[in-house]
Amino acid sequence: MSMYSLLRNNASPNMADLEDAFQATSLFNAEDFAPFDPTQEVIFPPELMTLSRGQRSPSLCFRGSRSAWFQPGSLQELLSLKWDHPEARVVVGNTEVGIEVKFKNMVYPVILAPAFLPEMSRATHTEHGIEFGAACTLSHMGAVLRAALETLPPHQTEVFLAVLEQLRWFAGLQIRNVAAVGGNIMTASPISDLNPVFMAAGCKLTLVDKDGSREVQMDDGFFTGYRKTILRPQEILLSILIPYSKENQFVSAFKQSPRREDDISVVTAAMSVVFSSGTDIVEELRLSYGGMAATTKLAMKTANRLLGRPWREELLQEACSSLAEEMTLDPSAPGGMVTYRRTLTLSLFYKFYLTVLQKLRGQGVKGEELQSEYLSASEIFHPETPAAVPEGRSQEDVLGRPMMHLSALQQATGEALYCDDVPLYENELFLALITSTKAHANIISIDASAAEEMPGVVCCVFASDIPGSNATGPIHYDETVLADQQVTCVGHIIGAVVAETQLEAQRAAKAVKVQYEELKAVITIQEAIAKQSFYQPIRTIQNGDLEAGFKQADHILEGEMHIGGQEHFYLETNVTLAVPREDGEMELFVSTQAPTKTQSLVAKALGVSANRVVVRVKRMGGGFGGKESRTTLLSTVVAVAANKLRRPVRCMLDRDEDMLISGGRHPFYGKYKVGFLNSGKVVALDVSYYSNVGNSMDLSLSVMERALFHMENSYSLTNIRGRGFLCKTNLPSNTAFRGFGGPQGMMVTENWITDVAQSLGKPSDEVRRLNLYMEGQSTPYNQILGQFTLDRCWDECMFRSEYQQRRAAIELYNGQNRWTKRGLAIVPTKFGISFTALFLNQAGALVHIYTDGSVLLTHGGTEMGQGLHTKMVQVASRVLGVPPSKIHVSETSTNTVPNTSPTAASSSSDLNGAAVQNACQILSERLEPYKSPEGSWEDWVRAAYFNRVNLSANGFYKTPDLGYDFETNSGRAFNYFTYGVACSEVEIDCLTGAHKNLSTTIVMDVGHSLNPAIDIGQVEGAFMQGVGLFTLEELHYSPQGVLLTRGPGSYKIPGFGDIPTKLTVSLLRDAPNDKAIFASKAVGEPPLFLAASVFYAIKEAVSAARVESELRGAFRLDSPASAERIRNACSDRFTRLCPPAEPGSFTPWSVQV
């Protein structure tokens, strides 16, 4: 959509246009796209085109059941409507009201839409500045301001430049194209990006009603309270005048957010200073901040104190002390991050101070000397053009060739069908969930009477409607399909409403009243430890003599680390369509990684045998483990409703619902004690892992087992003990996520090895290399490492990344820059491939050859964008000796291949590939007598058919020689290991905590790749998902267990700008793997942990900043390394002015779960 929009407006875009369209950096080169060809234009309704040809829009009115929408044809009509309906909302882009209606259940009876009124949508140049109508879009305002920069003298454009700087990071291009400047002002958000600039610049607003107009200045009195302004109910904002700046005036704007692109601000600021002519004496000063109060706030006291003062060090010290006093926040303030936000007010002023010093010097004004190492603190961020993705290897065979994903074109054009795209059935109904608002409570009563009387409602469904068993769960039946008597987390499903439309069902679900008797809840890992709230068993892996190891050590170091959870954020949320058939049959279309588990749990809930339930999966819009077990939460409820009504029922969760109920990656807390020699060689490790499991076991024991299997990552440790504790809490049950506990286990490992290096004052790469495994060594669980390639990956990564040269360049850079620092880290990974549950290491396939020579392939794996079907077609193509164009995969279903394992554990290509190979070999052998040299494939197939040869075959595979016993610490846990190494370089802003990912070099051993293009894509995708996990994505829970981050507005996954400017992925050559299909290796999960190289590069950069404050040695930095954590760790004179409140003296907005 972004590319289509860009090409419609600009037939030959350059790289800057592409970057803007995709919000900052892009994955593409401009040369990759052909010029826009008008003859290939899609059909566009001519009637819509007339709207842009100067025709005055007529008055329009649309009335719905709950609101009326007016588009006035004139300003006078708008004012009359507003006079008659003072409570009406004025809407242009609907970017705020739309959110309030959908997610905050707001109802606005009257909406006024003035977007086409010329008085409100034009820009006018005046004597004092540029006046913008309140309905001007932000994109239009930006274009007008940029044009003004070309014609006006520089001293008049300071305010314009500040506005444009904020617009660079204001939402995305699509939002800026419709959002209006007036809406931004009147929304009165305390974290508005633009309002601080308007206040600092003293912009004038024209307000009108039916009786006349008045002009007001945006100052400290304009916002009267949270989301309130001085406008009277009948008034509207007509326009805003953005003034020209004066001689000797300097204006800067700042925005700090968790993610640079398209993110809500933590703190915004705009600052304007006017000096007496030819001097550095402050004549006027306005400091405006967002995010520091219920309204955008001017720091009046500080500004007044600094008037008449020279712009020098004494002024800076006075300003910082005064701001620390004036810009205070309650420790329980909404949004949290109180210490960080207070520090930012000082840090951003310091940036302004340095910027102004530079400009004064540029004008020849004598004043404070500016040290060169401080200059980088005032630089404005400009993204660099990224490097191109390296091409995949090319081989003669279709196997191992970079073949395009089979459904790539359909997905790019929107033609690929997903579960919710299945056409509506006759009599189909829609379902919405009723969920708990309490973390732990007894249900006193449920009153659904109001909901049942609402329009379109057919019925409500509760536990009493379940014909079979209400007990459910992927392994242990410790959950309920629908809560009965008690709820154990916020989001626990209590019931459902079924209605004629989705909207009617959702509205009715909100009308159901549940009365609770609240019980004591356990929310965090620390609370679970204090109350000994653990699931059993407590797993332990121990090897060697721990006591002797610690006695041998020259040093013993203890530490701890918390690793936050992660939301799966698949593009397609959970969805199920259940269609009842005859004789107790039920057909389900589900977005799931586990069709068989869905089949068995639905059958259990319905009280029928599994052969009556068919589950079909065409494809998923992403899974990442989140659809391995938790999809059954929804599927069972939808099936029960369909069974009750004997009508098809559909439910696709909204993003906020999905995030609330489905769980995510387990938060982990690790405590360790490590013994090591002066050389850096580690001789003893005692580590304990605590995971926040949630309100049911789900797959958490297996997740913890994998964490323990990876507790040494890639390092040889003779004496080691690892213990895993499963914390029972009242959060929605956490579940599988790409890496499945491995990343958490290895993250703690890399933390203590970094601590060892820092405590010894040695380079971390030397300590890592010293402890690295070698061929033939044994793991803590007694598995010998054969076909070991990690050392090759390490050496190649060191070479390709030019590690030593970059290390020297970074030391030079850090010595020359005080307020920006760079860091470099190289991190290995060793990831075990197999399901840790032995019975899951099996797969089946079914292959049909039709008489026209076409092949229909079915296997037990599901397609979620990872390219599994593409690889399976390649395998079948090689074994059968036919081109991939003759082979088709329709879907995955339980009535074609039964008893399938979930598509998970990175094993699907290995398992299903071997099963496909088996089936195709059977068919190839059957066809062997008919393969004449002069005949074609079709001839051979027809000859076999006429000779009554079976052209259908089942394939099966089970991984040999597997099975580990925790009691005896013996057996083979994994079939083999996938290895990789990554080297990353970052740059941090010590004043704000923001960071840039400069470069990453990855070397990955994937054996003989089945498809290098897909595998490189998997490496890149997993790495970026890891970047989100370790540096960006943060789930916030209230102390009462309520998830506060329930959508893209508050939860940020990586954007284009978070991709390293230079990202290089190399697949290790000449490394065949004899344990998997065609010498390949698994690739889905292993690369994710390599993003830890970015985290530890950040930690190295923070260490360099701490040295400036005389702080050396190991320090704690929890994951993710958010801007808040980075800034607070860079301890300096500004952070010392903003000490945190004493824990226990206040109730925090959010808690670390």
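In helix α4 (residues 75–84), the buried residues are Leu75, Leu78, Leu79, Leu81 and Lys82. Because they cover an arc of only 160° around the axis, they lie on the same side of α4. The structure is a predicted model, and a search of the whole of it finds 51 salt bridges.

**Helix α4 and its cover**

- The buried residues of α4 are covered by elements that include the strands β2 (68–71), β4 (110–112), β7 (204–209) and β11 (236–243).
- Helix α6 (118–121) is also among the elements that cover these residues.
- An α-helix has 3.6 residues a turn, so residues three or four places apart point the same way.

**A three-stranded sheet**

- Three strands form an open sheet in the order β21-β17-β23, and their pairing is antiparallel.
- The edges are β21 (486–487) and β23 (513–518); each has a single partner strand, so one side of each is left without a neighbour in the sheet.
- Strand β17 (residues 441–447) is joined to β21 by two bridges, and the two strands run antiparallel.
- Ala441 has Val487 in β21 as its bridge partner.

- Arg612 and Asp583 form a salt bridge in which the closest N and O atoms are 3.6 Å apart.
- This pair links distant parts of the chain, 29 residues apart: Arg612 is in the loop between α20 (595–606) and β28 (613–617), and Asp583 is in the loop between β26 (575–580) and β27 (586–590).
- Arg612 counts as partly exposed because its relative accessibility is 30%, whereas Asp583 is exposed, with a relative accessible area of 57%.
- A second salt bridge brings together the side chains of Arg721 and Asp686, at 2.7 Å from N to O.
- Here the partners are 35 residues apart, Arg721 in strand β32 (residues 720–728) and Asp686 in strand β31 (residues 682–694).
- Arg721 is partly exposed at 22% relative accessibility, while Asp686 is buried, with a relative accessible area of 16%.
- Lys871 and Asp1015 also form a salt bridge, with their closest N and O atoms 2.6 Å apart.
- Lys871 belongs to helix α28 (residues 868–880) and Asp1015 to helix α31 (residues 1012–1031), so this pair ties together parts that are 144 residues apart in sequence.
- Lys871 and Asp1015 are both buried.
- A network of salt bridges links Arg581, Glu587, Arg616 and Glu891.

- Leaving aside neighbours within four places in sequence, Ala905 is in contact with Ser834, Phe835 and Glu1085.

How values were computed:
Residues are numbered from 1 along each chain as its sequence is written. This is a predicted model: local features need pLDDT of at least 70, side-chain atom pairs count only at pLDDT 80 or more; totals for chains, interfaces and linings use all residues. Side-chain values use heavy atoms; hydrogens and water are left out. A salt bridge is a side-chain nitrogen of Lys or Arg within 4 Å of a carboxyl oxygen of Asp or Glu. Helices (H or I, at least four residues) and strands (E, at least two) are DSSP runs, numbered from the N terminus. Buried means under 20% relative accessible area, exposed over 50%, partly exposed in between (1.4 Å probe, protein chains only). The arc is that of the directions from the helix axis to the C-beta atoms. Contact means heavy atoms within 4.5 Å. Two strands pair if DSSP finds at least two bridges between them.
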